[in-house]
Amino acid sequence: MSDVAGLVVALQDYKDKDGIVFVLTPESIQSVYARGIQNPASKNRRLCNPFSEVSLIVADRKMSTMDFLIKGSVLAYYHTIQDDLVAQSVCFVLRDCLFRVAIVPMYSSLLKEVWQAYNRKESSALTYACLLMAQILKNEGIAPHVDACVGCGSKRQIETLSKPDGGFLCVRCNQGRYPKWKKNELEKIRALFIVKETLVEPFAQSARYDLDDFLFLAKWFELFSHTELASVRFLASIRTLEAK
């Protein structure tokens, strides 16, 4: 037997009454086979709710890549996320991205901050979500080039952030091809990629990012990881409805 501690990011039905629980740990997303979990009377049912932080005791299953859930405890349940469609959708986008990348310890700590902030209805939730997306882009080697113009290397007269070019462009290299960004908008995006890990908490409490910032980063992930996520499309549709 062994322990699995982390965040329940997904629950997948399996067979008639069983399920597969996906737990984000600092090292990986671990799949755990949960027998009888779809039965309302199951004692382990409460351990498998998405948006829960859990500590599970599992046993190795022979002839299987998954561990078998024995028992466990719920350390925290961020239940109010499920009452907020936008919060839930942002978390689903993050989950779908995490399923497609190699996991590093910072991901679980940042996702927990997102959940906690949403559960407390704090505005820092989207800032933490943007920070997590920025870390994913950096670690996957697909972050926008934000230190200088991606075309000529100049740090002067930066006026836009171009997806086709992969980063900042100066006036000379842009030549009117892409709309100009406000200086504070460029600085806002750059800050996500240069903030030090030790300063994440004060940064999240002072900076303010919104749904448009998060969607920009999520769509950047899609473009440069060559994938399409239904969760991103759904979140974008919600944003469109809110704008009307």
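**Cavity, pockets and helix packing**

Modeller: The largest cavity has a volume of about 60 Å³. The model is predicted, so that local features need pLDDT of at least 70 and side-chain atom pairs pLDDT 80 or more, while totals for chains, interfaces and linings use all residues. Residues are numbered from 1 along each chain as its sequence is written, and side-chain values use heavy atoms, without hydrogens or water.

Biologist: What makes this space a cavity rather than a pocket?

Modeller: On a 1 Å grid over the protein atoms alone, a cavity is a set of points where a 1.4 Å probe fits but cannot get out, whereas a pocket is an open set with protein on both sides within 12 Å along at least five of seven lines. The search of the whole structure finds one cavity of 30 Å³ or more.

Biologist: Which residues line the largest cavity?

Modeller: Lining residues have an atom within 4 Å of a point. For the largest cavity these are Val8, Val9, Pro50, Phe51, Cys91, Phe92, Leu94, Arg95, Leu98, Leu111 and Trp115. The elements are DSSP runs numbered from the N terminus: helices are H or I with at least four residues, strands E with at least two.

Biologist: How is the lining of the largest cavity divided by class?

Modeller: There are 10 nonpolar residues, no polar and one charged. Ala, Val, Leu, Ile, Met, Phe, Trp, Tyr, Cys and Pro count as nonpolar, Asp, Glu, Lys and Arg as charged, and the others, Gly among them, as polar.

Biologist: Why are helix 1 and helix 2 called roughly antiparallel?

Modeller: Their axes come within 11 Å and cross at roughly 170°. Angles over 145 degrees count as roughly antiparallel, those under 35 as roughly parallel, 65 to 115 as roughly perpendicular and the rest as oblique. Helix 1 and helix 2 are therefore roughly antiparallel to each other. Their contact (heavy atoms within 4.5 Å) joins Ala87, Val90, Cys91, Leu94 and Leu98 of helix 1 to Tyr107, Leu111, Val114, Trp115 and Tyr118 of helix 2. By class, this contact has 10 nonpolar residues, with no polar and no charged ones.

Biologist: How do you know that helix 2 is roughly antiparallel to helix 3?

Modeller: Helix 2 and helix 3 (residues 124-139) pack at an angle of about 160°, with their axes 8 Å apart. That angle makes helix 2 roughly antiparallel to helix 3. Among the residues that meet are Met106, Leu110 and Ala117 in helix 2 and Leu126, Tyr128 and Ile136 in helix 3. The contact of helix 2 with helix 3 has 14 nonpolar, three polar and one charged residues.

Biologist: Which elements supply the lining of the largest pocket?

Modeller: The largest pocket has a volume of about 260 Å³. Strand 6 (158-162) and helix 5 (183-194) each supply at least two lining residues, and helix 5 gives the most, with six. Of the 15 lining residues, Ile158, Phe168, Lys183, Leu186 and Glu187 lie nearest the centre of the largest pocket. By class, its lining has eight nonpolar, no polar and seven charged residues.

Biologist: What lines the second largest pocket?

Modeller: Trp181, Asn184, Glu185, Lys188, Ile189, Asp210, Asp212, Asp213 and Phe216 do. Helix 5 and helix 7 (211-225) are the elements that give two or more residues, and the largest share, four residues, comes from helix 5. The lining divides into three nonpolar, one polar and five charged residues. The second largest pocket has a volume of about 210 Å³, where a volume is the space filled by probe spheres set on grid points joined across faces, edges and corners.

Methods
Axes fitted to C-alpha atoms, helices over the stretch in contact; angles between N-to-C directions.
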